[in-house]
Structure formats: structure tokens, C-alpha cells
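Visitor: I am new to reading protein models. Could you take me through one, feature by feature?

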Amino acid sequence: MNKKILSTATILGMIAIILGAFGAHALKKVLSVEQLVTFETGVRYQMYHALFLLFLGLLKDVAQKTKKTIYFLVLFGVILFSGSIYLLATNDLTSFDFKIIGFVTPIGGLLLILGWSVLLLTIMNKKSQN
């Protein structure tokens with residue numbers, strides 16, 4: 001599981017850098033300032049959670065089952081949260097109206113919060129045993 005978590009972390013990190021550069025250079029010419037800020041929010045949260053997964057994959061004191069739970073919460077959280085933000089920020093560039101998927105953004109955010117919460121509960125339970 002650690003290899004899968006670390007691999008996913010590096011892929012999410014690479015994609016965040018690519019999308020950040022794409023936003024800063026290519027999209028800067030076609031999006032409004034507000035849309036660019038929104039797009040950058042998606043990039044920033046994707047990178048935060050790539051680093052979170054990197055950290056998780058390196059932790060030794062967390063059970064593999066717990067890591068797996070956190071991994072899936074964070075992965076699907078990033079896909080829903082950042083993914084929907086990317087689509088919503090670039091909505092004007094397509095013929096499809098992505099505003100109908102706006103409801104998934106807070107669901108993705110909730111999954112990210114739950115991922116962090118599972119880690120917090122795991123740490124708190126370990127501390128109480130010492």
C-alpha cells in the first residue's frame with residue numbers, strides 16, 4: 001500500500017505542477033482573473049494533498065488498513081474537489097456547461113476533511129495508549 005500511496009502522491013504532485021504552469025501561461029490569456037484564482041485554488045489543494053499522501057506513505061506507525069482508508073478519501077476528494085474546480089474555472093472555454101457538477105466540489109472537500117480526520121483520530125488513539 002505504501003508504494004501505491006507514494007506513487008499516487010508523486011503523480012498528483014506532477015499533475016499539479018503541470019496544471020499550475022498551464023494556468024499561469026496558457027490559461028492566463030483566456031480566463032478572467034477570478035477564473036484563474038479559482039483554477040489556482042484547485043492546483044493548490046491538489047498539491048497540498050499530494051504532499052499529505054507523500055507524508056502518509058512514509059508514516060510507519062499507521063496501520064495499512066487505516067492508510068488505505070485515508071488514501072481513498074484523499075484520492076477521491078482531490079478528484080472531486082480539484083477536478084470540479086478545474087472544470088468550473090474553465091467552463092467558458094467549452095460548449096458543455098460544467099456548472100451542473102458544482103455540487104461535487106463540497107463533497108470532495110468533505111472527503112479531504114475526512115481523510116485528515118481519520119489520521120487525527122489514529123494519532124489521538126495512539127497517544128492515549130502510551
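Visitor: Is phenylalanine 98 buried or exposed?

Guide: Buried means under 20% relative accessible area, exposed over 50%, and partly exposed in between (1.4 Å probe, protein chains only). Phenylalanine 98 has a relative accessible area of 17%, so it is buried. Phenylalanine 96 has 44% relative accessibility, so it counts as partly exposed. Of the 130 residues of the protein, 39% count as buried.

Visitor: What should I know about the model itself?

Guide: It is predicted: local features need pLDDT of at least 70, side-chain atom pairs count only at pLDDT 80 or more, and totals for chains, interfaces and linings use all residues. Residues are numbered from 1 along each chain as its sequence is written, and side-chain values use heavy atoms, with hydrogens and water left out.

Visitor: How many aromatic pairs are there?

Guide: Rings of Phe, Tyr and Trp (its six-membered ring) pair if their centres lie within 6.5 Å; planes under 30 degrees apart count as stacked, over 60 as edge-to-face and the rest as tilted. By this rule there are 7 aromatic pairs. One of them joins phenylalanine 96 and phenylalanine 98: it is edge-to-face, with 5.0 Å centre to centre and 65° between the planes. Ring pairs also link a cluster of Tyr45, Tyr48 and Phe81.

Visitor: What is the secondary structure of the protein?

Guide: Helices (H or I, at least four residues) and strands (E, at least two) are DSSP runs, numbered from the N terminus. The protein has 4 helices and 0 strands. Along the sequence the pattern reads α-α-α-α. The C-alpha trace spans about 55 × 25 × 20 Å along its principal axes.

Visitor: What does threonine 66 touch?

Guide: Contact means heavy atoms within 4.5 Å. Threonine 66 sits in helix H3. Leaving out residues up to four places away in sequence, threonine 66 touches Val118 and Thr122. Threonine 66 and glycine 115 are 49 residues apart in sequence, yet 9.8 Å apart in space, C-alpha to C-alpha. Across the protein, take the contacts with a separation of 6 or more: 77% of them join residues 24 or more positions apart.

Visitor: Which residues make the nonpolar surface patch?

Guide: Like charges are joined within 9 Å, nonpolar side chains (Val, Leu, Ile, Met, Phe, Trp, Tyr) within 5 Å. Here Met1, Phe72, Phe76 and Ile79 make a nonpolar patch of about 340 Å². Phenylalanine 76 lies in helix H3 (residues 64–89). At 43% relative accessibility, phenylalanine 76 is partly exposed.

Technical notes: Patch = residues over 30% accessible without salt bridge, like charges linked within 9 Å, V, L, I, M, F, W, Y side chains within 5 Å. Areas by Shrake-Rupley, 256 points an atom, 1.4 Å probe, with all protein chains shown as cover. Salt bridge = Lys/Arg side-chain N within 4 Å of Asp/Glu carboxyl O.
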